[in-house]
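Happy to walk through this one with you. Have a look at the sequence and the coordinates, and then let's take the packing step by step.

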Amino acid sequence: MSAKSLNKKDLFFALFGLFCLFLAISIYSFHPQDPGIGVCGAERVHNLCGLIGAYLSSLFFFLFGISALLVPPFVFFSLFLSYTGFSVKKILCIFFLILF
């Protein structure tokens with residue numbers, strides 16, 4: 001493996017890790033009165049990630065319900081396993097078996 005491809009891999013995982021951190025903060029700071037799916041007339045955003053985080057967390061709670069709280073730890077864990085060379089296909093199969 002060359003140094004150039006290793007740097008691209010590290011950069012990808014670092015950026016994806018930051019997105020996962022943003023996702024975790026937005027999901028764990030979810031507030032039912034934030035603007036989002038099924039909420040009309042919300043005046044104030046309570047989510048720590050702002051308006052984007054409010055809509056993102058609303059989407060995850062709409063799609064997965066209370067199981068949305070399990071998404072960030074699993075994404076961090078799968079990111080770590082993928083970085084160390086574990087099969088992504090196996091990770092996704094395990095996640096969807098647990099989730100549904």
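Q: Leaving aside its neighbours within four places in sequence, which residues is Leu 23 in contact with?
A: This is a predicted model, and a contact here needs heavy atoms within 4.5 Å. Once the neighbours within four places in sequence are set aside, the contacts of Leu 23 are Leu 56, Phe 60 and Val 71.

Q: Which element gives the most residues to the largest nonpolar core?
A: That core has 14 residues, and Leu 23, Ile 27, Phe 60, Val 71 and Phe 95 touch the most other members. Two or more residues come from each of α1 (3–28), α2 (50–64), α3 (71–83) and α4 (88–99). The top contributor, with 4 residues, is α3.

Q: Are α3 and α4 roughly parallel or roughly antiparallel to each other?
A: Their axes come within 10 Å and cross at roughly 160°. Angles over 145 degrees count as roughly antiparallel. The two helices, α3 and α4, are therefore roughly antiparallel.

Q: How do the residues of the contact of α3 with α4 divide into nonpolar, polar and charged?
A: On the α3 side the contact is made by Val 71, Phe 74, Ser 78, Leu 81 and Ser 82, and on the α4 side by Val 88, Ile 91 and Phe 95. Sorted by type, they come to 6 nonpolar, 2 polar and no charged.

Q: Does Ser 78 count as buried or exposed?
A: Ser 78 lies in helix α3, and its C-alpha atom is 7.5 Å from that of Val 88, 10 residues apart along the chain. The cut-off for burial is under 20% relative accessible area. Ser 78 has 15% relative accessibility, so this residue counts as buried.

Conventions. Residues are numbered from 1 along each chain as its sequence is written. This is a predicted model: local features need pLDDT of at least 70, side-chain atom pairs count only at pLDDT 80 or more; totals for chains, interfaces and linings use all residues. Side-chain values use heavy atoms; hydrogens and water are left out. A nonpolar core is a set of buried Ala, Val, Leu, Ile, Met, Phe, Trp, Tyr and Cys residues joined through side-chain atoms within 4.5 Å. Buried means under 20% relative accessible area, exposed over 50%, partly exposed in between (1.4 Å probe, protein chains only). Axes are lines fitted to C-alpha atoms, for helices over the stretch in contact, and angles run from 0 to 180 degrees between N-to-C directions. Angles under 35 degrees count as roughly parallel, over 145 as roughly antiparallel, 65 to 115 as roughly perpendicular and the rest as oblique. Ala, Val, Leu, Ile, Met, Phe, Trp, Tyr, Cys and Pro count as nonpolar, Asp, Glu, Lys and Arg as charged, and the others, Gly among them, as polar.
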